[in-house]
Amino acid sequence: MVDEQQHDRLDFEIRRHIYDQLLNGHAAPTIAATADALSVEPSAVRAGFERLAQARNLVLQEGSREIMMAQPFSAVPTPFHVEADGHRWWGPCIWDALGILAMVKQDGRVLTACGDCGEAMTLTIKEGALAEGEGIIHFGLPAKHWWDNIVFT
């Protein structure tokens, strides 16, 4: 029987592996790839993904239960493309896209489009501050309701 401490250790290792992959510019690892990397059964990783999703550390895809989001990263294409130091990522929203650059502590840019008119927008971040770009960030819902439907938000 697996105890809670073992789950906690495995979940920590799963989460570390996911973020190591993402921070180094790789795609979000699958259940199978994570199981291989950690030398554990895929069923243990699948259960770990579910626990991490319950704790709001991950958002999983409906059918496959593979990673959709590991905030601030999106594992699937979004309108918020982030570039820094030769790496490329997607952010689930503008807030997360800017959060990626803060997390990696690098200058970079977010390529997106105006949510109102669709015009291309580039936000350039240098030394942790907006250096180039303008616009208004609009949050359609108060933050306390984001997790009501995090995929929509």
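I began with helix α3 (residues 42-54): its 13 residues should span 18 Å at 1.5 Å a residue, and its end C-alpha atoms are 18 Å apart, which agrees. The expected span is 1.5 Å times one less than the number of residues. Helices here are DSSP runs of H or I with at least four residues, strands are runs of E with at least two, and both are numbered from the N terminus.

Next I looked up which residues of α3 are buried. I found Val45, Gly48, Phe49, Leu52 and Ala53 (buried means under 20% relative accessible area, with a 1.4 Å probe and protein chains only). Seen down the axis of α3, these buried residues fall within an arc of 140°, so they line one face of the helix; the arc uses directions from the helix axis to the C-beta atoms.

I must remember that this is a predicted model, where local features need pLDDT of at least 70, side-chain atom pairs count only at 80 or more, and totals for chains, interfaces and linings use all residues. Residues are numbered from 1 along each chain as its sequence is written, and side-chain values use heavy atoms, leaving out hydrogens and water.

Then I checked pLDDT, the predictor's confidence in each residue from 0 to 100. The protein has a mean of 89, and 92% of its residues reach 70 or more. Confidence is highest in helix α2 (residues 31-38), at a mean of 98, and lowest in strand β8 (residues 129-132), at 83.

Finally, I took in the whole protein: I noted four helices and eight strands, in the order α-α-α-β-β-β-β-β-α-β-β-β from the N terminus. Buried residues make up 33% of its 153 residues.

Note on methods: Buried means under 20% relative accessible area, exposed over 50%, partly exposed in between (1.4 Å probe, protein chains only).
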